[in-house]
Structure formats: structure tokens, C-alpha cells
Amino acid sequence: MKKISLMGMMILFILSIQSCKKRFEDLLINPNQPVSVPPYLVMGKELNDIVNNIGGNAPWDAVMRYNQYYCRNYQYYGDNAYSFSGTFGNYSNDLKNIQQMEIEAANAGAPARNAYAAVGKFLRAYYYYHLSSLMGDVPMSEALKGLTNISGPKYDTQKDVFLQILKWLDEANDDFNALKGEASDRNFNSNDIYYKGDLAKWQKMVNAFKLRVLISLSKKAGDADLKIGQRFTEVLTNSTKFPLFSGMTDNFSYKYNADFNRYPLNPSNFGFDALRLNMAGTWVSNLTTLQDPRVFATCEPAYKLIDQNGWSLTDFRAFAGSPTAENQTDMENKAQSGLYSLIGRYRYYRTFTAEEGIIVGYPEMCFNIAEAINRGWAAGDAEQWYRNGIDAMIKFYGIANGNNTFYFLRSGNPTNLADYRTAVYNFDFNTYYNQATVRYEAGTAGLNKILLQKYLAFFMNSGWEAFFNQRRTGIPTFSVGAGIGNGGVLPKRWTYPVAEQNVNNANWKAAVDRQFSGQDVVGGELWINK
């Protein structure tokens, strides 16, 4: 064995001394854990989270019960109560991720104006619109500061939040406008699950969403800072600067597939919940009153009504929904005995893809423009926009002029999704539209028709918008009573997270005192609706 020279021993000694100087913090670093992530991966997650993380945007989510489109009739798996306790958790995580996405894009060499930053501005606007519309004043200007603000963030007023939302949207519009002619980023495109990197479509969507925000402020039309009418007119009269959706292909929609991203209702869960869910009366009765064939596409007939009365499968009287506020035991008995319409099996359970989940859509935009013109905020043809919205949404269900074939499940066997009866219904759009209950007219009567058709267009899409619009306008009339909880009264907001009383008490209390006279309750009236 060779002996180590004196010089070698000295070198080893020096190296061992140097190794002892390694900081303790360095020993805590996991070399297998990444310390950065490409911005396109963060963006991909955040675009998915719009549907899968904050709640409400997925079809047949609990929010769709709050929108009174369908009901639970089986007590063991829950009820139809409006449970409105809030959380900042998912919003906080998503907003932090948006911030990190922008940092990673800058670290990767992106210029100050880049597509990730533009998407980030929209996402911030979207999340804060959603959060404030649910709760009221929320932390914004001092949020996400961590240990630099250990006393906790103040709650910005709802007006200030909405002014900032509009600012973000205008900045995003300008960014997309400047960037849409530039060479595309392959990684951005492949992780953009909505538009595949088409920034022109992003720009249209941002402006369509801006109209949603402005419409939500209808009770503040006279506010000098918000300038609602001015902003609306600016969008409608300058299509070069503020392009809008031109049709359904521009929709901001979540696509489902049969592999890893299945539609919430599908053949694999049909046997589990299909009989425990039935259609809500608010949805069904408004369709049948209007002789609207969308009821055939979305609902099963109430088969006992057919048997008792000899009605055909496309007799509008054969479709009935339960009042959302009905006693659940009574609802279950009636649903199980065939007195209520169940979810349309052919459209929603037959495949894993059903329909796209619209988040911001062309029909809503049409109705928002019609509403703004009706209210006198802007000039234009309210009736044409109203017609466009109805026509687009009816066609979404594959309903066209002429004979339309609809499929209704024949068998009561929950494992048999192939045994259908067919029925033909002849539809003519002009005949439908010219009904006194549908045809547009000026004034309040016309406004109420716009609002009702907008509610019908929100079926299983656009998250909380049906609820927000009903809360704002009272259209349509919602079912109230013991079955919705809260003493049979519709709630007006989510309460703040309970944890805020412990970790941010002073700011929480100031916000509650300022808005709700010291009572953080679901019945508190939001500034936006006063």
C-alpha cells in the first residue's frame, strides 16, 4: 500500500476544513427539487385551474344547483342548501402562481410586454372579479406580500377592486393587440389549452369579459369613476382597438376528452348518480313556457306524466322539474316515481365528451350588448344582438330549422345506455322567436326577456354568472323555501374565511363594519348590488 505524502495529507486536511465551512442552510437544499419552472408549465396549470380549482366553471358542479338548473333528490349524498362559507385558499395559490409565471418569463429573457404577462393580467382580473362578486371587499393591493406585511393585508373596497379589474383588462387588451402579429412561442402555444397561442382570440375574449364586468355594475351606471356607459360605447364603436367575438368559434371553452379529461357526467358514473339527480323547475318551466326545444336536448320526459296522460315524447307538458326548495323526501319520491324529468341521458351520459364547457361565450356577449343598449348606455340594435344570442345558443344543442330527432332513454336499467326511443320535433326559429313571450320589445319588458334568455344560455356553463345575474336583477324568479337552507332565503354573498378573524382580525373587522354593520353574514348586501 502506498503511503500518502506529507503534501497530500496537508491538502486533504485543508479540504476537510473547507468542507466544514458549508453553511447549515445549504445542507437543507434538496438537489433533486427544482427551484424554477418554465413559465409555460405554470400557465398550463393556471388555465386548467380556471375550471378545476376555484369551483363553479365545471358543468354539473354544486354551483349549477345554486343556479337552479338541477337538484339532488337523495339525502344520503347531500341536499340543495346554499352553503356559502368562503375561502381565500385556492385564489391565493393561483394568484401566487400567476406572479411566479411572470417572474419565470422575465428570467427566461422575455421582454416586459409578453404573452405570459398579458395572460396573467386577464387571470388576475378573472379571479378578483369572481372573488369580489362572491364576498365583497377583498385583500388586493396588499395581498401576497408574505412576511413583509405580517400585520395582514387590508381589504380593498369593491369599487377599487372593480376599477383595478377594468385596468388589468385594458392593459391585457393592449398587450395582446401589440403581440398578436409577432412570432409565436411554441411552448406557449402547446400549453394554451383554449386558443393554442392565437392571441387575436385572446384579445377578443378579454373584451367580451370586460363587457361582463361592466354589465355586473349596472346598478352603478351613474358612477363618475366607473364610466360604465362611456366604456361600453368605446368598445362597441371601436372594433379595431376592442375586437369582440364574432361567433361560437371564438368562445373561451374547456374541451373534454375520453382519456384523461372526461366530462363530469359520463358512462362510468351513470349507474352511480343518474337517479339521484333530477332537473330543477326553474330551468324546465321556463323552457316549457317558451315552447323551447332545448328542454328535449337536456332533459328526459317525466314518464309517469306521459303514461297518465298519453302525451307524446315531445309534448312540452311531459317535462317537469322539481322546485329547488322542495322538501327533499318529497322530491325523491316524485323523481323516483317518474313525476320529474331526469338529466338527458343521450346528451350527457352517453359519451365521455358531451359538450364543451363555455367560460366566456358569444351568446352571453350578445345578451350583454343587448342589455346595455336597452338600458341606454350605448347606441345600437338591441333586438339584433338579442336574436343573435338566442340563435347561437339554440344551435349549440344541434337544433336547426326543420325536423330534429331527439333521443330519450327507453329502459330503466341504469347500465343500458343504448336503448333509446326517438321523437321528431319540427323547429322553426322565426316561429319560436315571434311568440309574444320571446319577441323583443323596448323598455323593461324587453330587458326582462334579454335577462331570461341569458339565464337559459348559461345552462351548465359560465360558472356563477346565472346566480350573479339573478341576484342583480331578480330574473328569473328562483325557488325559495326550506330546501335551500338559510331560513328559506336566498343568500346574497359568501362569508369571509373564518381564519381571517384570527390571522387578520383588524382588517377583517374594518371590512365587515364598513360593508355589513359588523355582521359577516350571507344576507349582507354587496356594494355592487346596492
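I began with helix α17, residues 362–374, and compared its length with expectation. At 1.5 Å a residue, its 13 residues should span 18 Å, and the end C-alpha atoms are 18 Å apart, so the two values agree. I note here that the model is a predicted one.

I then looked up the burial of α17. The helix is mostly covered, with 13 of its 13 residues buried. Just after α17, I found G376 with a positive phi of about 85°.

Next I turned to the aromatic rings. A search of the whole structure returned 65 aromatic pairs. I examined F319 and F408 among them: the ring centres are 6.1 Å apart and the planes stand at 55°, so I recorded the pair as tilted. An angle over 60 degrees would have been needed for edge-to-face, and one under 30 degrees for stacked.

Which parts of the chain does the pair of F319 and F408 tie together? I located F319 in the loop between α14 (303–309) and α15 (328–336), and F408 in strand β7 (residues 402–409); the pair therefore ties together parts that are 89 residues apart in sequence. I also checked the accessibility of both residues. F319 has 5% relative accessibility and counts as buried. F408 is likewise buried, at a relative accessible area of 0%.

A further entry concerns Y407 and Y420. Their rings form an edge-to-face pair, 6.5 Å centre to centre, with 90° between the planes. Y407 lies in strand β7 and Y420 in strand β8 (residues 420–427), so this pair ties together parts that are 13 residues apart in sequence. Are Y407 and Y420 buried or partly exposed? I read 31% relative accessibility for Y407, which counts as partly exposed, and 13% for Y420, which counts as buried.

I also looked up charges placed over rings. The charged end of R262 sits over the ring of F352, at 4.1 Å from the ring centre. R276 lies over the face of F272, 4.5 Å from the centre of that ring.

My last entry is on T288, which I found in helix α12 (residues 281–289). At 16% relative accessibility, T288 counts as buried, since the cut-off for buried is under 20%. A polar atom of the T288 side chain lies 3.2 Å from the backbone oxygen of S285. What does T288 contact once its neighbours within four places in sequence are left aside? I recorded V295, F316 and F319.

How values were computed. Residues are numbered from 1 along each chain as its sequence is written. This is a predicted model: local features need pLDDT of at least 70, side-chain atom pairs count only at pLDDT 80 or more; totals for chains, interfaces and linings use all residues. Side-chain values use heavy atoms; hydrogens and water are left out. Rings of Phe, Tyr and Trp (its six-membered ring) pair if their centres lie within 6.5 Å; planes under 30 degrees apart count as stacked, over 60 as edge-to-face and the rest as tilted. Helices (H or I, at least four residues) and strands (E, at least two) are DSSP runs, numbered from the N terminus. Buried means under 20% relative accessible area, exposed over 50%, partly exposed in between (1.4 Å probe, protein chains only). A charge sits over a ring if NZ of Lys or CZ of Arg is within 6 Å of the ring centre and within 35 degrees of the ring normal. The expected span of a helix is 1.5 Å times one less than its number of residues. A polar contact is a pair of N or O atoms within 3.5 Å; within protein, one must be able to donate a hydrogen and the other to accept it, and residues adjacent in sequence count only if both atoms are side-chain atoms. Contact means heavy atoms within 4.5 Å.
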